[in-house]
Amino acid sequence: MKILSVRDCMLLFLLIPSISLSDDDLLGRIERLENKISLIESRLSASPEKKSIGDYKLSDEAFAYRDNIEITDFTLKSLEDDNGEKYAGAIFKMKNNGDRDIKVLAVTAYFLDKDGKRIQEFFIPAVTPKNRAKPLFKAGYVWETHEGFYFKFRDKIPTGWDEGQSEHEITYIDFVE
């Protein structure tokens, strides 16, 4: 009997419900899963000195470096897929104004209610080594989502969300050695 690794189980979980998807949809799901796995692996090997940002931990160095990352044109909105299912999606741009190259960077978006209170969060692994199109976020470079591509929030859109209202912050950075 073969014991499956966490990575194999996640890929299997991803592929089974996707049998009816087109090749592009399937490849997109696989790439997003690989990005999440890579981010988890990076977190497990990160240094022990950490600063907290909500539920997330950053090294002192990464916490200080966040000020060098400029996030612009951030949009979190309700969208509809080809099957008529509604989901939330995020798009944004970033500029690395610092002097370090980044191999992993994650942003967390927060859905806000009509009073501006956070009611749900959305973890976005934006830069990962598994992202074939943009494997690094180099110092001085601009990073942005592909035209027409939204990071898809996997859960149901939260009840009480004042659509379009959100906050965001960098919640994970891992530098190129």
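This is a predicted model: local features need pLDDT of at least 70, side-chain atom pairs count only at pLDDT 80 or more; totals for chains, interfaces and linings use all residues.

**Entry 1**

**Entry 2: the nonpolar core**

I then looked up the largest nonpolar core, which has 27 residues. Phe122 is listed among those with the most contacts inside this core, together with Leu76, Phe92, Met94 and Leu105. I noted which elements give two or more residues to the core: helix H3 (60–65) and the strands E3 (69–80), E4 (86–96), E5 (102–112), E6 (118–127) and E9 (166–175). The largest share, five residues, comes from E5.

**Entry 3: salt bridges, and the pair Glu61 and Arg100**

Turning to charged side chains, I asked how many salt bridges the structure holds, and the count came to seven. I looked up Glu61 and Arg100, whose side chains meet in a salt bridge at 2.2 Å, N to O. This pair links distant parts of the chain, with Glu61 in helix H3 and Arg100 in the loop between E4 and E5, 39 residues apart. I also checked accessibility, and Glu61 is partly exposed, with a relative accessible area of 45%, while Arg100 is partly exposed at 25%.

**Entry 4: Lys114 and Asp115**

My next pair was Lys114 and Asp115, whose side chains meet in a salt bridge at 3.8 Å, N to O. Are these two residues buried or exposed? Lys114 counts as exposed because its relative accessibility is 69%, and exposed means over 50%. Asp115 also counts as exposed, at 62% relative accessibility.

Finally I looked up Glu167, which forms a salt bridge with Arg118, the closest N and O atoms being 2.7 Å apart. This pair, too, links distant parts of the chain, since I found Glu167 in strand E9 and Arg118 in strand E6, 49 residues apart. Glu167 is partly exposed, with a relative accessible area of 30%, and Arg118 is partly exposed, with a value of 40%.

Note on methods: Residues are numbered from 1 along each chain as its sequence is written. Side-chain values use heavy atoms; hydrogens and water are left out. A nonpolar core is a set of buried Ala, Val, Leu, Ile, Met, Phe, Trp, Tyr and Cys residues joined through side-chain atoms within 4.5 Å. Buried means under 20% relative accessible area, exposed over 50%, partly exposed in between (1.4 Å probe, protein chains only). Helices (H or I, at least four residues) and strands (E, at least two) are DSSP runs, numbered from the N terminus. A salt bridge is a side-chain nitrogen of Lys or Arg within 4 Å of a carboxyl oxygen of Asp or Glu.
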